[in-house]
Amino acid sequence: MKNLVTMETLSNEEVFALVKRAIELKNGAPVLQRPDLYVSNLFFENSTRTKVSFEVAEREVGLKVVPFEVSTSSVQKGETLYDTCKTLEMIGCHLLVIRHSENEYYKQLENLSIPVISGGDGTGQHPSQCLLDLMTIYEEFGYFEGLNIVIAGDIKNSRVAKSNAVALSRLGANVTFVAPDHWKDETVGTFVDIDDVIEKVDVCMLLRVQHERHGHTLYNFSPETYHRAYGLTMERYGKLQEHAIVLHPAPVNRDVEIADELVEAPKSRIFEQMRNGMFMRQAILEKVITENQL
C-alpha cells in the first residue's frame with residue numbers, strides 16, 4: 001500500500017488489522033518510533049479534529065512535523081497542488097497528509113514518490129474518519145456482521161457517509177440512509193424514514209449539515225424543521241435499543257443533527273470517536289511507513 005486515500009484500496013483483512021492495532025495502541029501497546037522521518041500536513045479545508053489528531057499521532061510515532069499553512073504558502077501565488085507536494089518531497093518530507101476540497105485530488109499526485117494519506121477529499125471519501133468509526137463500533141460490539149446502522153443527514157455532500165457505506169456494507173452490516181430529498185445520493189444505498197427504523201438500529205450515525213457545500217441553494221433551511229424531521233430528538237433517543245450507540249463525526253450543530261442534551265448522553269460515543277481517532281491514525285501511520293519501507 002503506497003497511499004491511503006479511499007476505503008476501496010483496503011481489504012477487509014486490512015481493515016480488521018488496523019482496527020485491532022488501534023485498540024492495542026489505546027490499551028497501551030508501544031507504537032513504532034521513527035524520529036528519522038519528516039511529515040507535513042496540508043489542510044486546504046478547515047479542520048480541528050482531523051488535523052490535530054493526525055499531528056498528535058505523528059508526534060506519538062516520533063515523526064518530525066514540518067509546519068504548512070495554506071494561507072502563507074506559495075499556493076497563494078498560484079502554485080499547483082502537485083508542485084507544492086513535489087517541493088515538499090524534494091526538500092525531504094517522507095510522508096504527506098492532505099485534505100482538499102477537490103474530489104479525488106490525489107489522482108494528480110500519482111507520480112510523487114512519497115506516500116499520501118488523505119484527510120478527506122471534497123465530497124469523496126474520508127478513510128481515517130471511517131476507520132475510527134469502525135474502531136468505535138467494533139469496541140462496542142466486537143463484530144460488524146448483521147448490525148443495523150442508519151446514517152442520517154447531508155448524505156449527498158458527506159465523504160464520511162460514502163466511506164462508511166463502502167466499508168460497513170462490505171463488512172456485513174445492514175446500512176440504511178436518511179436525508180431530505182435534496183441531500184439524497186441514491187448511489188450509496190437505500191433511503192428510509194428515520195422513525196421507521198430508530199427502534200431497530202444498533203448504531204445511529206448523524207452527519208453534520210454542510211452549509212459550506214450548498215452554495216446559494218439553501219433549500220429554505222430551518223434548523224428547527226430539520227431537527228424535527230431528520231435529527232436525533234429526545235423522543236427518538238428514547239426509542240433506541242438499550243445497547244444502541246450514537247455516532248457523529250463532528251463538529252456538531254447542536255439542536256440540528258442532535259439535541260444539545262444528547263451530545264454527551266449515555267449512548268453517545270461522539271467524544272470517544274475523537275479520542276479513538278488519535279490511536280487509529282497512529283495505526284495508519286505505522287502501516288504506511290512499514291509497507292512503503294520508509
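Which residue of strand 2 does Y38 stand opposite? Colleagues, that question takes us into a predicted model, and the answer is K64.

Let me begin with the strands around that pair. Strand 1 covers residues 38-43 and is mostly covered, with five of its six residues buried. Three bridges join strand 1 to strand 2, and these two strands run parallel. As a general point, strands of a sheet pair through backbone hydrogen bonds, in either a parallel or an antiparallel fashion.

Both strands belong to an open sheet of four strands, whose order is 2-1-3-4 and whose pairing is parallel. Strand 2, residues 64-66, and strand 4, residues 116-121, stand at the edges. Each of these two has a single partner strand, so one side of each is left without a neighbour in the sheet. From one strand to the next, the twist averages 20°.

At the other end of that order, strand 3, residues 95-100, is joined to strand 4 by four bridges, and this pair also runs parallel. Within this pair, I98 stands opposite S118 of strand 4.

I turn now to a residue in a helix. E58 lies in helix 2, which spans residues 49-60. What is the nearest side chain of opposite charge to E58, and how far away is it? It is R59, at 6.6 Å. A salt bridge requires a distance within 4 Å, and E58, although buried, has no salt bridge. Leaving aside residues up to four places away in sequence, E58 touches V39, N41, L63, V65, V97 and L285. Of these, N41 and V39 fall within the residue range of strand 1, V65 within that of strand 2, and V97 within that of strand 3.

Finally, I would draw your attention to a residue in a loop. V256 is found between strand 9, residues 245-247, and helix 9, residues 270-291. Is V256 buried or exposed? V256 has a relative accessible area of 11% and is therefore buried, the cut-off being under 20%. Again leaving aside residues up to four places away in sequence, the contacts of V256 are V209, F221, P223, Y226, H227 and G231.

How values were computed:
Residues numbered from 1 in each chain as written. Predicted model: local features only at pLDDT ≥ 70, side-chain atom pairs only at ≥ 80, totals over all residues. Heavy atoms only, no water. Buried < 20%, exposed > 50% of the residue type's maximum accessible area, 1.4 Å probe, protein only. Lys, Arg positive; Asp, Glu negative; His and termini not counted. Contact = heavy atoms within 4.5 Å. Pairing = 2+ DSSP bridges. Axes fitted to C-alpha atoms, helices over the stretch in contact; angles between N-to-C directions.
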